[in-house]
Amino acid sequence: MTFVNSSTCNFCPRNYYSNGINECKKCEGSTAPEYGMSFTSWNYMPPNMEATCLSMYGNGCATDDGWALSGNHIHSGQGHSDDVYLVLSVSTAGFRSKEGYFNGGAIEVGTVKFEFELQCVGDCLLFFLEEDYKSTVIESWEGAQNRTTYIYSVNQQSERRFTWAFQKADYDNSDIAGSKYRNDMAIIYSIEVKNTVDGGASYCKACPVGSDMEG
């Protein structure tokens, strides 16, 4: 990714790469870009990413997006009522490797890696979901969590969306009409989706013998 007019950040064109600071450069001969999505700077909402806030009572969101950009991280915002559902999603058109099975197990076509923290006094919940034609909860965390890293192995190459959904209280066990947990939040420091067909590249790697930039 690279900055455009010092105001937004976009992926480099095909067969180009950037470390996120310098301008896009074309890969040298016999090398190819290693495509993926890597989000570590949170001054602007990255491409392919969406944020929203949903309120069961209709007026609990302090902002429409809910999530707030904060330089070295993005967080679920402050000032929301306890009934809100804060959703952050990143989409990809698919993964470059072919799916299949080997020795009875699914072949990994890509990975999703993210670093996060939950600052909560209540029983907050963070869900990590994978969505294609249906939504599947991959993992969830409850209550305060120290800064940690989670890695998910993707084994289907088709188009999909990965979602982080945060709620401040268990809707079944809490009075969520108030704002007891107004300052409870989820913090995401980085998100990395590897081996996608879209996105950008931060470096180029040597092509295997007999191949070129296009594989």
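Biologist: Why is C207 called buried?

Modeller: This is a predicted model, and in it C207 has a relative accessibility of 17%. Buried means under 20%, so C207 counts as buried.

Biologist: How do you know that C207 is too far from C27 for a bond?

Modeller: The closest cysteine sulfur to that of C207 is in C27, at 8.2 Å. A disulfide needs the two sulfur atoms within 2.5 Å, so this distance is too far for a bond.

Biologist: What makes C27 and C204 a disulfide, then?

Modeller: Their sulfur atoms are 1.8 Å apart, and the cut-off is within 2.5 Å, so the pair qualifies. C27 sits in the loop between β4 (25–26) and β5, while C204 belongs to strand β18 (residues 200–206), so the bond ties together parts that are 177 residues apart in sequence.

Biologist: Why is the disulfide of C27 and C204 called left-handed?

Modeller: The torsion about its S-S bond is about -65°, so it is left-handed.

Biologist: Are C27 and C204 buried or partly exposed?

Modeller: One of each! C27 has 6% relative accessibility, so it counts as buried. C204 has a relative accessible area of 21%; buried means under 20% and exposed over 50%, so C204 is partly exposed.

Biologist: How many disulfides does a search of the whole structure find?

Modeller: There are 4. Among them, C53 is joined to C61, S to S 2.1 Å, and C120 is joined to C124, also with S to S 2.1 Å.

Biologist: What makes the disulfide of C120 and C124 right-handed?

Modeller: The torsion about the S-S bond of C120 and C124 is about 95°, so that disulfide is right-handed. For C53 and C61 the torsion is about -90°, so theirs is left-handed.

Biologist: Let's turn to the core. Which residues touch the most other members of the largest nonpolar core?

Modeller: W164 and I191 do, in a core of 34 residues. Strands that each supply at least two residues of this core include β5 (31–39), β16 (160–167) and β17 (185–194).

Biologist: And what is I191 in contact with, leaving aside its neighbours within four places in sequence?

Modeller: Its contacts include M37, F39, W42, L88, F114 and W164.

Definitions and conventions: Residues are numbered from 1 along each chain as its sequence is written. This is a predicted model: local features need pLDDT of at least 70, side-chain atom pairs count only at pLDDT 80 or more; totals for chains, interfaces and linings use all residues. Side-chain values use heavy atoms; hydrogens and water are left out. A nonpolar core is a set of buried Ala, Val, Leu, Ile, Met, Phe, Trp, Tyr and Cys residues joined through side-chain atoms within 4.5 Å. Buried means under 20% relative accessible area, exposed over 50%, partly exposed in between (1.4 Å probe, protein chains only). Helices (H or I, at least four residues) and strands (E, at least two) are DSSP runs, numbered from the N terminus. Contact means heavy atoms within 4.5 Å.
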